[in-house]
Each structure stands twice: as C-alpha cells, then as structure tokens.
Amino acid sequence: MGGSSQKQISTPALWRIATPGGAGAIHFIRLDAVKLATYYARGLLRPIAVLTVEQEGYRALVRRRKRITESRGKIKQKIKCFLLASGIDEPHSIQKWSLAASADLTALDLPPQHHIAFASMVREYLFLLSEDKMLRAEIRTATKQMYSVPFERLISIVGVGETAASNFLAELFSPERFNRPEEVTSYLGLAPVVSQSGDSAAHARIRPVGQKRLRGILVEAAWQWTWRDPEAKELYNRHFAKHGIGQKAIVAVARKLAIKLWRLALEPPSPSTGAYRKRYLVTSQSDRHE
C-alpha cells in the first residue's frame, strides 16, 4: 500500500508456500495478499488473540491434567468390568476409590490366568494417580504465580472449585479481550441460537462450537452452584418451568455462571471509566434474558 505513513502488512514469501497448481496458484496467492492488505487498510481485519509463552504453558498443564483425569476414569471402569467378568467381588474401597483401593486391588486373590493383565491395570491406575497428584501441585504453583488474585475471586463462588477455576483461567487466558458477556458465551459455545421460519415458533438451541472441554466443566460446576446457591436454584427452576427440560435449564445456569466468572476474572477498572459502567453497572442483554 502506498504512502509512507501507512502501515505495512507482511505476507509469507511465495516460494515458502507449497503450490501444487504451479504459476496459477502463485497468482491467486498474490491476489489474496493484495486483498488482505486492502482489508487491513480499511480496518476490516479483526485481530486474533495470541497466548504468551507463560499462558500457553499454563494451558498445556491444565489440559494435560484434564486428559489424565479422563484416563483415570476409563481405567477405573476397565478394572470394574474385569472384576465383574471374572466373577470376583469388588473391594468395598473401590466404590468411592478411597486411598485404600490400590492396596485392596493388589491384595486380591486372582487366578494365574488373570493376574498379569489385572496387575497391569492396577499399575496403570497407580501411575495415573501419581501423575494427577503431581500435575495438581504444579498447577497450584503456576496459578499462584500467574492468576493469584482472579483465582481467589473465582473460587469464592459456591460450587466453583480449583479445577473449574484453573480451567476457566487457562482457556480464556486474557478475559479483557472480551467486551460484552455475549462474546464470552459465544466463545464458550453457551450462547443460544434462535431459529425461526415464517410464523412458526422460535426455537433456541446451543451450537456444538466453542470451548468444548471448558463448556463441560462449567455445566458440572453449574450443577454444584444450583444445589448450593438460592439464586442459581431459582434461575434453574425458572428455566425448567418454561420447557421442562433439565439439560436446557442447566445450560442457562452455566451461561450465567460463565458471565459471573468472566467479570470476576477481570481486573476491576476505575469506577469513573466507561469500561467499568459497561461491564459492572449496566445490565447486559444476556443478563436480562436470564
């Protein structure tokens, strides 16, 4: 773009891009580069959020623990299925997987044909247990270093524990990049999409997009919040009375919870600024519809 005062937009060198179509493909790449530069000059390109090295490391740590937790659940189920198929009574300790479970499983008297496979499952369970313990300690340390104040705000909500709070901070990573509650709920895949054709009744549904892993955690936290907080319970009952579907009602509670967590995660601006009035004083459209 001409003019010394205008900014430049950088594009990758054409020879670095694989172009199976040869010269014709390079021609189209040049046209795309020109379009990008034009859109940028007109202010039509929106910036994307890029994590810092620290934020990326924290998110990787939190996601790793989530995968370990899922693997623990799977190996627990495999152990129970193995005992059931082998006709062996389950130790009482594995009903809630207490600390004595590993010792009770190791002490089981199994036929020689089953011992090796079952012992491997128990070792896998113990490994995942130790990994989870280590990762939890590392996440706590990293949280204190990076998100000490917002973390304490998030867990002040009943039903929101350290797992939900750390996952929320890791996946949002820069809550100030959102200007409105609707942007947050859309990013998380909790924003309802209303479809209507002609004079037919409008139907709202949740699109399967956004942060799937965090959405599931927020729904779980919303159940805890509903059971322990009268405000959340009233919100759940109000939505349940509309359509009689518990899943829709709890998603509405999770949406409200996500907005509350987002506001708590933000560094409160000065009360004299417009940002303060917009985020903390003015009732948003999504809040009114809750």
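Followed along the sequence, the elements occur in the order α-α-α-α-α-α-α-β-β-α-α-α-α-α. The model is predicted, so that local features need pLDDT of at least 70 and side-chain atom pairs count only at pLDDT 80 or more, whereas totals for chains, interfaces and linings use all residues. Residues are numbered from 1 along each chain as its sequence is written, and side-chain values use heavy atoms, with hydrogens and water left out.

**Confidence and surface**

Next, colour the chain by pLDDT, the predictor's confidence in each residue, from 0 to 100. The average over the protein chain is 81, and 76% of the residues score at least 70. Select residues 1-17: pLDDT stays under 50 here, and the model has 15 contacts beyond four places in sequence for this segment, contact meaning heavy atoms within 4.5 Å. Then select residues 275-289, where pLDDT also stays under 50 and the model has 32 contacts beyond four places in sequence.

Show the surface of the chain. The accessible surface is about 18,100 Å², and carbon and sulfur atoms account for 56% of that area; the areas come from the Shrake-Rupley method with a 1.4 Å probe, and for residues only the protein chains shown count as cover. Of the 290 residues in the protein chain, 34% are buried. Buried means under 20% relative accessible area, exposed over 50%, and partly exposed in between (1.4 Å probe, protein chains only). Among contacts between residues at least 6 apart in sequence, 60% join residues at least 24 apart.

**Helices α6 and α8**

Select residues 162-172 (α6) together with residues 212-228 (α8). Two packed helices are described by the angle between their axes and the distance between the axes. Helices α6 and α8 pack at an angle of about 150°, with their axes 10 Å apart. The axes are lines fitted to C-alpha atoms, for helices over the stretch in contact, and angles run from 0 to 180 degrees between N-to-C directions. The crossing of α6 and α8 is left-handed, a term used if the near helix is turned anticlockwise from the far one by less than a right angle, with right-handed for clockwise.

Display the side chains that make this contact. From α6 come Ala164, Asn167, Phe168, Glu171 and Leu172, and from α8 come Arg213, Leu214, Ile217, Leu218 and Ala221. These residues divide into seven nonpolar, one polar and two charged. In this scheme Ala, Val, Leu, Ile, Met, Phe, Trp, Tyr, Cys and Pro count as nonpolar, Asp, Glu, Lys and Arg as charged, and the others, Gly among them, as polar.

Centre on asparagine 167 in helix α6. Asparagine 167 is buried, with a relative accessible area of 4%. Beyond its neighbours within four places in sequence, asparagine 167 is in contact with Val62, Leu214 and Ile217.

Move to serine 166, which also lies in α6. Serine 166 is buried at a relative accessible area of 5%. Neighbours within four places in sequence aside, its contacts are Tyr58, Val62, Ile139 and Phe151.

**Proline 150**

Select helix α5 (residues 148-154), in which proline 150 lies. Proline 150 is buried, with a relative accessible area of 9%. Draw the C-alpha to C-alpha distance from proline 150 to leucine 264: the two residues are 114 apart in sequence and 6.6 Å apart in space. Apart from neighbours within four places in sequence, proline 150 is in contact with Leu169, Leu264 and Ala265.

**Alanine 249**

Continue to helix α10 (residues 246-265), where alanine 249 is found. Alanine 249 is buried, with a relative accessible area of 0%. Setting aside neighbours within four places in sequence, alanine 249 is in contact with Tyr236, His239, Phe240 and His243. The C-alpha atom of alanine 249 is separated by 8.1 Å from that of arginine 238, 11 residues away along the chain.

**Two loop residues with positive phi**

Select tryptophan 97, in the loop between α2 (53-85) and α3 (101-106). Its phi is near 50°, a positive value in a residue other than glycine. At 14% relative accessibility, tryptophan 97 counts as buried.

End at phenylalanine 173, in the loop between α6 and α7 (181-188). The phi of phenylalanine 173 is near 50°, a positive value in a residue other than glycine. Phenylalanine 173 counts as buried, at 7% relative accessibility.

Note on methods. Helix = DSSP H or I, 4+ residues; strand = E, 2+ residues; numbered from the N terminus.
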